[in-house]
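Here are a few exercises to work through with the model open beside you. Try each task before you read its solution.

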Amino acid sequence: MIFLITYDRRAGRLRSLRTFDEAERPSANDARLEAEPEQISKGGGLEVGLVDAPDESVLRKTHSHYFSDPLSRSVESSTESSGVGD
């Protein structure tokens with residue numbers, strides 16, 4: 001799986017988490033490119049990136065710093081798929 005992560009470095013919290021299947025890699029990259037202007041407009045305060053992991057539980061272990069804030073747990077309930085093929 002591919003995860004598009006938007007992390008607010010200043011607030012120290014995860015802003016969004018989107019998932020894509022491997023076949024959707026071009027769409028994931030497009031979504032990352034669409035999110036980057038917001039990162040720039042926020043003065044570099046947002047971190048936007050794609051991370052490959054077998055599933056979200058592995059992502060949460062390997063990139064735990066994105067999920068360490070208690071507010072990031074609320075992202076679990078709002079985690080969205082890319083919507084492609086739904």
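**Exercise 1. Start from one alanine**

Task: find which residues Ala53 is in contact with, leaving aside its neighbours within four places in sequence.

Solution. Step one: list the partners, which are Met1, Phe3, Val58 and Leu59; contact here means heavy atoms within 4.5 Å. Before going on, note that this is a predicted model, where local features need pLDDT of at least 70 and side-chain atom pairs count only at pLDDT 80 or more, while totals for chains, interfaces and linings use all residues. Residues are numbered from 1 along each chain as its sequence is written, and side-chain values use heavy atoms, with hydrogens and water left out.

Ala53 sits in the loop between strand 3 (46–52) and helix 2; helices (H or I, at least four residues) and strands (E, at least two) are DSSP runs, numbered from the N terminus.

Step three: check its cover. Ala53 counts as buried because its relative accessibility is 7%; buried means under 20% relative accessible area, exposed over 50%, and partly exposed in between (1.4 Å probe, protein chains only).

Step four: take one partner and get the distance. Phe3 is 50 residues from Ala53 in sequence, yet the C-alpha atoms are 7.6 Å apart in space.

**Exercise 2. Look at the chain start**

Solution. First, locate Met1: the segment before strand 1. For Val51, the C-alpha to C-alpha distance from Met1 is 8.4 Å across 50 residues of sequence.

**Exercise 3. Work out strand 1**

Task: say how many residues of strand 1 are buried, and which strands pair with strand 1.

Solution. Begin with burial. Seven of the seven residues are buried, so strand 1 is largely enclosed by the rest of the structure.

Zoom in on Thr6, which lies in strand 1 and counts as buried at 8% relative accessibility. Not counting residues up to four places away in sequence, Thr6 touches Leu14, Arg15 and Ser16, as well as Leu46, Glu47 and Val48.

Last, the pairing (two strands pair if DSSP finds at least two bridges between them). Strand 1 runs antiparallel to strand 2 over seven bridges, with Leu17 as the bridge partner of Ile5. Strand 1 and strand 3 also pair in the antiparallel sense, over seven bridges, and there Phe3 has Val51 as its partner. The turn is worth a look too: strands 1 and 2 form a hairpin with four residues between them, and Gly12 in that turn has a positive phi of about 70 degrees.

**Exercise 4. Collect the core**

Task: name the residues that make up the largest nonpolar core.

Solution. A nonpolar core is a set of buried Ala, Val, Leu, Ile, Met, Phe, Trp, Tyr and Cys residues joined through side-chain atoms within 4.5 Å. The largest one has 10 residues: Phe3, Ile5, Tyr7, Leu14, Leu17, Val51, Ala53, Leu59, Tyr66 and Phe67.

**Exercise 5. Find the aromatic pair**

Task: find which residues form the aromatic pair, and say how their rings are set.

Solution. Rings of Phe, Tyr and Trp (its six-membered ring) pair if their centres lie within 6.5 Å; planes under 30 degrees apart count as stacked, over 60 as edge-to-face and the rest as tilted. The structure holds one such pair. Tyr7 and Tyr66 are edge-to-face, at 5.1 Å centre to centre and 70 degrees between the planes. Tyr7 belongs to strand 1 and Tyr66 to the loop between helix 2 (56–62) and helix 3 (73–78), 59 residues apart. Tyr7 is buried at 11% relative accessibility, and Tyr66 is buried at 8%.
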